[in-house]
Amino acid sequence: MATGSDQAVGMAMVALSALIFTYYTVWAVVLPFVDDDHIVHQYFLPRPYAVIIPTVAGVVALSAIGSFFGYVMLQDKMKKKTK
Amino acid sequence: MTKLLQWLLGVGLLLGTWACLVWDLVPAQLSPQWKEVVWVAPMYLLMSFACYSLATIGYRVATFNDCEDAAKELQQEIEEARRDLAKKGLKLS
């Protein structure tokens with residue numbers, strides 16, 4: 001088995017993904033069938049946010065990856081120039 | 001047919017069905033609750049895939065076996081190579 005911190009990080013990722021999946025499933029699939037005056041609705045944001053938040057997160061993630069990639073490419077180009 | 005075409009066809013079919021249902025292009029009678037679920041369906045599938053990927057990566061990280069012997073052997077080989085190259089005049093960081 002992997003050593004201590006690797007195991008902890010791995011299991012944390014699994015737990016996080018389970019949490020996100022459960023919350024999102026309830027939000028997107030279960031809530032429409034629940035009466036509007038049930039208290040469970042106060043634990044969830046209004047429905048459009050179920051699409052907006054993942055989209056924004058996706059755009060941010062892709063931009064971060066893209067800029068990191070661009071940064072590394074630029075560094076490589078600068079090094080080649082000064083050599 | 002290439003894999004890319006297969007995937008595009010599958011995705012196209014799914015998105016087509018979704019568009020027909022959401023924009024009332026087909027005479028299907030869906031209750032308002034089911035309509036809500038269908039409207040969110042593509043994003044839900046995307047999120048499920050993302051969660052599955054995260055869980056798989058996390059699980060594989062947690063269960064990856066350490067190879068103590070191979071690690072030590074590799075360190076020794078690195079030292080040998082470093083000494084050998086230093087003798088021949090190459091400087092390693």
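**View 1. Contact between chain A and chain B in a predicted model.** In this predicted model, 24 residues of chain A are in contact with 22 residues of chain B, contact meaning heavy atoms within 4.5 Å. The two chains bury about 2100 Å² between them, and 78% of that is on carbon and sulfur atoms. Buried area is the accessible area (1.4 Å probe) that two parts lose on being put together, summed over both.

View 2. Arg47(A) and Glu36(B) form a salt bridge, with 2.3 Å between the closest N and O atoms.

**View 3. The side of chain A that touches chain B.** Helix 1 (4-30) and helix 2 (49-82) of chain A each supply at least two residues of this side. Helices are DSSP runs (H or I, at least four residues), and strands are DSSP runs (E, at least two), numbered from the N terminus. Helix 1 of chain A gives the largest share, 14 residues. By class, this side has 16 nonpolar, six polar and two charged residues. Ala, Val, Leu, Ile, Met, Phe, Trp, Tyr, Cys and Pro count as nonpolar, Asp, Glu, Lys and Arg as charged, and the others, Gly among them, as polar.

**Conventions.** Residues are numbered from 1 along each chain as its sequence is written, and chains are lettered from A in the order in which they are written. Local features need pLDDT of at least 70, side-chain atom pairs count only at pLDDT 80 or more, and totals for chains, interfaces and linings use all residues, while side-chain values use heavy atoms, with hydrogens and water left out.

Key:
A salt bridge is a side-chain nitrogen of Lys or Arg within 4 Å of a carboxyl oxygen of Asp or Glu.
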